[in-house]
Amino acid sequence: MQINILTVSEKENSEWEKIISYLKRKKMRVHTSFAVNDAYKILKNEPINIVLFDYQLLKIKTSTYIRKIKTIKPDVELIFLSENATLSNAIDAMKDGAYDFYELPVKARLLITVIDKAIEKQSLFLEKMELEKKVKGMFSFGNIHGRSKPIQHVTNIISSVASKDANVLITGETGTGKEMVAKAIHFNSPRAPKPFIKVNCGAFNEGVLESEIFGHEKGAFTGAIIKRVGRFELADEGTIFLDEIGDMSLSTQIKLLRVLQEKEFERVGGNETIKVDIRVLAATNQDLDKLIEEKMFRKDLYYRLNIVHIEVPPLRERKDDIPLLVSCFISNFNEEKGYGIKGINKNAMQMLLNYTWPGNVRELENAIEAAMALAPGDAIEAKYLPSFLLLSQPQHSDFYQIPQHFTLQESEQEIIRFTLAKTKGNKSKAARLLGIGLRTLQRKVIGAQTYS
Ligand SMILES: Nc1ncnc2c1ncn2[C@@H]1O[C@H](COP(=O)(O)OP(=O)(O)OP(=O)(O)O)[C@@H](O)[C@H]1O
Ligand SMILES: [Mg+2]
């Protein structure tokens, strides 16, 4: 990698001239400037990694220069060099964000080591930025695929509500994408750099759930050997996602309500009041109105959670999204698993469109993954789709429907019954259709009567 260094120093300073020629000898590209404003210009136009700054040039507070430089190029590292600075100058500069501070003359070898370390730090910073960009991309609306009206309605609500800090209740059948919606809200909100913490309220019994959410003190109950920080504390300044909220017991609901109202709680078995700043997103595939009627869910809690409501529509109500979802899943699995599937043939796509998808997008995603694993060529064909799809296709009147457990004799009778029904009882016609003689048919019908 070519290292680009920007020096900002006094003109005709012999110490600096030595440094510059040494760095050039070490095959670094050195851009020199003798005034701060020139340095800013170079910084904007060149791929600078490190700025070596003469402390003597500073006229105002170090933090002002550092902030300006980092605004132009956030990943650049600054090293100050000075002929007569004090220790406190050095400490202040580093507190303000400088990478290091050295007194001149500086040993050439030391300077190279420091530059190497600063470059290492810079590449870590860049990796982190890449990762953050990726995570953001992963949960941006761009990842909620679909162009149908119902899904556009959902993404419109997400974009208006994300920045508003309101609690959101997300409902919808299983596999419709509720968790995806919750993540899109968090990662597009000002809380995005802070944690997104999920609690599956249906996965624990009441006691365990409370200690999951609120944490517990050491000795709060048998088995509480150490203190545990709960998920509400972990989510401080971020978002908590209460999944399967309909499964929460009434007594935990009361405690949750208090946190939502007062933004404070105590750990299980503790007295200390803990204050938190959290946004609450909740999801369920249950009918909360019905649970309220049955007195299984508190109305006051419902109102607190349901400041904004997002209903994620089932896939059968947005079938126009299926082709786009399929092509996204194909490219995701190609990338993830190294498959080389280019597409899906017409028949297979028709089968996907005919099905009602009770398990929604997750079921579709699984079906595509399974078909991709089985398909030997570069296209998904109907025969590689899961068998529930084949069986649930609309029945064509030219097909017999024979249960698998039927014996050969029972199957034959079923075919004869079906053909006679089709010919409205006309045995000659039925015999012709079945490719047997009339008498054979009559014998089989009589046989069937004695048989049944
Ligand atoms: N619009 C979409 N675009 C792309 N992938 C989607 C979409 N909706 C859902 N998925 C995918 O479908 C799967 C199920 O989504 P998710 O877990 O968000 O559903 P859910 O509603 O929370 O399900 P459950 O009720 O079972 O918890 C995930 O793998 C998700 O990536
Ligand atoms: Mg879910």
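## A pair of phenylalanines in the sheet

Let's start with one residue: phenylalanine 80 has phenylalanine 101, in strand E5, as its bridge partner. Strand E4 (residues 77–82) pairs with E5 in the parallel sense over four bridges; strands (E, at least two residues) and helices (H or I, at least four) are DSSP runs numbered from the N terminus, and two strands pair if DSSP finds at least two bridges between them.

This is a predicted model, where local features need pLDDT of at least 70, side-chain atom pairs count only at pLDDT 80 or more, and totals for chains, interfaces and linings use all residues. Residues are numbered from 1 along each chain as its sequence is written, chains are lettered from A and ligands numbered from 1 in the order written, and side-chain values use heavy atoms, leaving out hydrogens and water.

## The whole sheet

Five strands make up an open sheet with parallel pairing, in the order E2-E1-E3-E4-E5. Strand E2 (29–33) and strand E5 (100–103) are the edges, each with a single partner strand, so one side of each has no neighbour in the sheet.

## Helices H2 and H3

The axes of helix H2 (residues 36–45) and helix H3 (residues 62–72) come within 9 Å and cross at roughly 20 degrees; axes are lines fitted to C-alpha atoms, for helices over the stretch in contact, and angles run from 0 to 180 degrees between N-to-C directions. H2 and H3 are therefore roughly parallel (angles under 35 degrees). Val36, Tyr40, Leu43 and Lys44 in H2 meet Tyr65, Lys68, Ile69 and Ile72 in H3, contact meaning heavy atoms within 4.5 Å.

Conventions
Angles under 35 degrees count as roughly parallel, over 145 as roughly antiparallel, 65 to 115 as roughly perpendicular and the rest as oblique.
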